Amino acid sequence: MTIKEFFSFRQNRFFWVNIIAMVVVMVVVIFGVLKALDVYTRHGEAVVVPDVKGLDLADAQKMFADRGLTAVVADSSYVKNQPAGCVLDYNPVAGQRVKEGRTVYLTINTLNTPLQEVPDVADNSSVRQAEARLLAAGFRLTNNDSIPGEKDWVYEVRYRGQVLRLGDKVPTGATLTLVIGNGKEAPQPDETLGTDSLGNPQTESTQTDEQMLEEEDWF
């Protein structure tokens, strides 16, 4: 093809019509693809994650559902000053913009209070040592009960009136009672039953037959 023929071809009106038609088709195709991607990915359709911390699980799930989101419980933890079953944390966090239909994963306060082993303080600790260990473990204490025995020595730990043994478990943060000695000696039982004819103390095993007969006659 000569140079003259090339330029004469470009002057043909059908050439330019085809070029313009191809450009229009390409623009339409590109626009259609982008629009389809927007529809498929829901571009621009976002919702804001609401703040549901501290709410009951059912209320939180309803709030998410009203915004087109799905909430599921992914984990649980225990916080003693929070109501059982309330929302402690979640992901995505409050205020974040997400697509409608997104799943939000919740961490809630456990419905059942976990059990905890009571530290071994009975009969091996002073009251100060026992109180320090129990409080450090998260337990609460009532006023101490006292019994005759070594002063300020811990003899028992009780929960709701029950004596706790080594290895026993109670709800985390439970209120316990220490039973401590008041420094007084326990009264000794009187084993003597009287005296014999010589004035000596007489135990049950040394009662005379005469005294036993007298007791039987009395009844």
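Rings of Phe, Tyr and Trp (its six-membered ring) pair if their centres lie within 6.5 Å; planes under 30 degrees apart count as stacked, over 60 as edge-to-face and the rest as tilted. By this rule there is 1 aromatic pair. The ring centres of phenylalanine 64 and tyrosine 90 are 6.0 Å apart and the planes meet at 75°, so the pair is edge-to-face. It connects distant parts of the chain: phenylalanine 64 sits in helix H3 (residues 57-66) and tyrosine 90 in strand E3 (residues 87-91), 26 residues apart. Helices (H or I, at least four residues) and strands (E, at least two) are DSSP runs, numbered from the N terminus.

Two matters of bookkeeping come next. This is a predicted model, in which local features need pLDDT of at least 70, side-chain atom pairs count only at pLDDT 80 or more, and totals for chains, interfaces and linings use all residues. Residues are numbered from 1 along each chain as its sequence is written, and side-chain values use heavy atoms, with hydrogens and water left out.

Now the whole protein. It has 5 helices and 12 strands. Buried residues make up 19% of its 219 residues. Contact means heavy atoms within 4.5 Å. Of the contacts with a separation of 6 or more, 65% come from residues 24 or more positions apart. The protein exposes about 16,100 Å², and carbon and sulfur atoms supply 55% of that. Accessible areas come from the Shrake-Rupley method with a 1.4 Å probe; for residues, only the protein chains shown count as cover.

Two strands pair if DSSP finds at least two bridges between them. Strand E2 (residues 70-77) and strand E5 (residues 103-109) run parallel and are joined by 7 bridges. In E5, leucine 106 stands opposite valine 73. E3 and E5 run antiparallel, with 4 bridges. Asparagine 91 has tyrosine 105 in E5 as its bridge partner.

Asparagine 91 also takes part in a cis peptide bond, which joins it to proline 92 with omega about 5°. Proline 92 lies in the loop between E3 and strand E4 (97-99). Most residues other than glycine have a negative phi, and most peptide bonds are trans.

Turn to helix H4 (residues 127-136). Val127, Ala130 and Leu134 are buried there. Seen down the axis of H4, the buried residues fall within an arc of 65°, so they line one face of the helix. The arc is that of the directions from the helix axis to the C-beta atoms. On the other side of H4, Arg128, Leu135 and Ala136 are exposed. The cover over the buried residues of H4 includes strand E7 (140-141), strand E9 (154-159) and strand E12 (175-181).

A nonpolar core is a set of buried Ala, Val, Leu, Ile, Met, Phe, Trp, Tyr and Cys residues joined through side-chain atoms within 4.5 Å. The largest has 15 residues, and those with the most contacts inside it are Val118, Val157, Val170, Leu176 and Leu178. H4, E9 and E12 each supply at least two residues of this core. A second, separate core of 13 residues includes Val52, Ala60, Phe64 and Leu69. Leaving aside neighbours within four places in sequence, valine 170 is in contact with residues including Pro114, Phe139, Tyr159 and Leu176.

Which residue with a positive phi follows H4? Glycine 138 does, with phi near 100°. It is in the loop between H4 and E7. Glycine 138 is partly exposed, with a relative accessible area of 22%. Not counting residues up to four places away in sequence, glycine 138 touches Lys80 and Gly173. Its C-alpha atom is separated by 9.6 Å from that of threonine 175, 37 residues apart along the chain.

Arginine 160 lies in the loop between E9 and strand E10 (162-163) and is exposed, with a relative accessible area of 72%.

Notes. Buried means under 20% relative accessible area, exposed over 50%, partly exposed in between (1.4 Å probe, protein chains only).
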